[in-house]
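Trainee: I'm new to this one. Could you walk me through how to read it?

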Amino acid sequence: MKKAGKPIYLDYQATTPTDPRVLDVMMPFLTEKFGNPHSRNHAYGWEAEDAVEKARSEIAALIGADPKEIIFTSGATESNNLAIKGVGRFYKDRKNHIITCATEHKCVLESCRHMGQEGCEVTYLHVAKNGLIDLDNLRQTITDQTALVSIMGVNNEIGVIQPMAEIGAICREKGVFFHSDCAQAVGKIPLDVNEMNIDLMSISAHKVYGPKGVGALYVRRKPRVRLTPLFSGGGQERGMRSGTLPTPLCVGLGEACAIAGREMAQESERLHYLRDRLYLGITDQLPEVYINGDLDQRIPGNLNLSFAYVEGESLMMGIKNLCVSSGSACTSASLEPSYVLRALGVTEDLAHTSLRLGLGRFTTEEEVDAAVDEIVTQVKKLRELSPLWEMAQEGIDIASIEWAAH
Amino acid sequence: MSYSNKLIDHYDNPRNVGSMDKKDAQVGTGLVGAPACGDVMKLQIKVTPEGIIEDAKFKTFGCGSAIASSSLITEWVKGKSLDQASDIKNTEIAEELALPPVKIHCSVLAEDAIKAAVEDYKTKHGGTADDADATDAADAEEARSA
């Protein structure tokens with residue numbers, strides 16, 4: 001992949017480029033193989049349907065599911081909406097309690113909040129400082145009214161991996177459905193819906209080197225999970241998601257899953273090496289850099305670091321050749337720092353100093369080394385400019401000062 | 001977010017970065033903002049016996065707009081009287097740097113910082129050189145409300 005002249009992309013949790021091998025498989029379905037996969041009475045339709053069903057099998061294979069249990073959607077946001085609102089609405093008259101967690105993606109939190117407005121009780125579990133939920137707390141929170149537990153596989157900001165098998169075991173024992181937003185987990189870590197007792201799983205294509213605009217929801221058939229569809233229509237996808245399937249996108253997601261399955265073990269090892277190189281390269285040269293979230297229970301392609309006394313957005317402005325994200329408020333209109341970092345108990349001042357560094361399939365060792373140099377140089381420069389760094393050097397405890405909030 | 005060239009220039013090449021001895025009688029120090037809010041500005045002025053700001057230094061923890069706003073105001077206050085410096089409006093800074101709406105508070109902070117530095121200097125001088133200044137300020141206030 002040619003990258004000369006372009007800034008270095010270290011934001012793989014935001015999105016990933018479509019792998020050229022994926023695009024190659026998609027192309028014919030954008031041109032000569034344009035049929036509607038639901039057209040049952042001619043060759044164009046059959047050809048498209050075969051391709052979609054092959055893709056469905058490839059997705060299912062990556063997570064240990066049956067192809068019939070895969071529903072195509074427009075992406076993980078829709079999958080999460082469909083899982084939470086669909087299950088919530090279908091079972092509401094019998095069981096109306098939903099459990100989720102404070103660090104979930106906004107689309108999960110908002111879907112749960114919406115179900116709260118429709119009469120469900122919602123419990124938001126806290127996380128420990130390392131970003132993981134407490135299993136005893138989960139067990140105690142489940143009641144005979146609990147219909148659904150929705151806990152993400154991998155967090156999008158801090159990359160930590162929740163104990164899915166343990167959560168699944170508790171849910172199965174208690175007779176509660178377990179939904180997991182696995183947008184950041186699929187293709188990155190081994191997943192098995194049966195071993196982990198996952199009943200519903202949200203999948204995104206563009207986080208795993210597939211195209212944007214497509215995703216999937218795994219919906220267990222035995223024991224059967226039922227859900228109320230979000231939209232009305234022709235009853236495609238077992239009646240759960242009406243609408244003509246976008247053949248090229250479905251094929252892209254299938255191929256992306258097939259590649260991820262083949263390359264996961266090797267790629268994971270490579271990313272581990274690069275991530276360690278990045279982390280050690282930075283922390284060897286800079287004091288007071290803190291990692292947010294558990295370092296071991298984490299996908300290898302993520303680092304989330306707080307650079308004390310340096311505000312995140314100004315750091316991003318300085319590292320002009322790197323594309324990263326910040327948990328700082330100043331990158332958004334809300335002026336509130338990241339709710340995920342706040343949920344970990346990261347103090348507001350440190351939350352303002354965080355960067356998310358995401359590594360992926362096309363990240364090279366040269367890029368990592370360049371990133372280390374650029375980050376170290378800029379942090380040093382901005383600390384020289386920081387009155388807080390100056391105070392810290394003088395031994396003044398910043399927490400002891402009475403700041404006027406504004 | 002896309003920023004103006006002037007803002008980026010002040011961020012890349014901040015003017016007058018540094019610290020002065022805050023115990024020096026000639027120096028006024030303003031420290032405004034809060035780490036939890038994501039911005040803290042320290043602005044210092046060195047004032048001649050005639051009440052003219054001969055030097056200014058800053059250090060800022062904050063986004064690029066906050067750094068640029070404080071860098072710009074250190075340039076502007078040099079050579080000004082205390083009252084002229086206090087009269088700088090955040091809107092002038094916002095305009096000069098073409099701050100986007102969500103960053104206007106950075107210019108407000110810079111205005112607060114210079115006012116706090118002037119105030120600190122005046123407090124140190126307990127109303128001596130100040131009487132004249134105070135009268136001037138009152139006059140200016142009157143002129144504005146008129």
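Predicted model: local features only at pLDDT ≥ 70, side-chain atom pairs only at ≥ 80, totals over all residues.

Trainee: In which sense do β1(B) and strand β2 (residues 39–47) of chain B pair?

Mentor: A general idea to begin with: in a regular strand the side chains alternate between the two faces of the sheet. Here, β1(B) and β2(B) run antiparallel, joined over eight bridges. To find your place, look at B:G28, which stands opposite B:I45 in β2(B). The hairpin has four residues between its strands, and B:G38 takes a positive phi near 90 degrees there.

Trainee: And how many residues does the largest nonpolar core have?

Mentor: In soluble globular proteins, nonpolar side chains tend to be buried together. In this model the largest nonpolar core has 157 residues, and A:V87, A:Y218 and A:L253 have the most contacts inside it. Helix α7 (residues 247–285) of chain A gives the most to this core, with 13 residues. Leaving aside residues up to four places away in sequence, A:Y218 touches several residues, including A:I63, A:I70 and A:M201.

Trainee: Which domains is chain A divided into?

Mentor: Chain A has domain 1 (20–260) and domain 2 (264–397). Their centres, taken over C-alpha atoms, are 30 Å apart. Domain 1 of chain A puts 20 residues into the contact and domain 2 of chain A puts in 18. On the domain 1 side, those residues divide into 10 nonpolar, seven polar and three charged.

Note on methods: Residues numbered from 1 in each chain as written. Chains lettered and ligands numbered in written order. Pairing = 2+ DSSP bridges. Helix = DSSP H or I, 4+ residues; strand = E, 2+ residues; numbered from the N terminus. Core = buried A, V, L, I, M, F, W, Y, C linked by C-beta atoms within 7 Å. Buried ≥ 20, exposed ≤ 12 C-beta atoms within 10 Å, placed from the backbone. Contact = placed C-beta atoms within 7 Å. Domains from an automatic or database assignment. Nonpolar A, V, L, I, M, F, W, Y, C, P; charged D, E, K, R; others polar.
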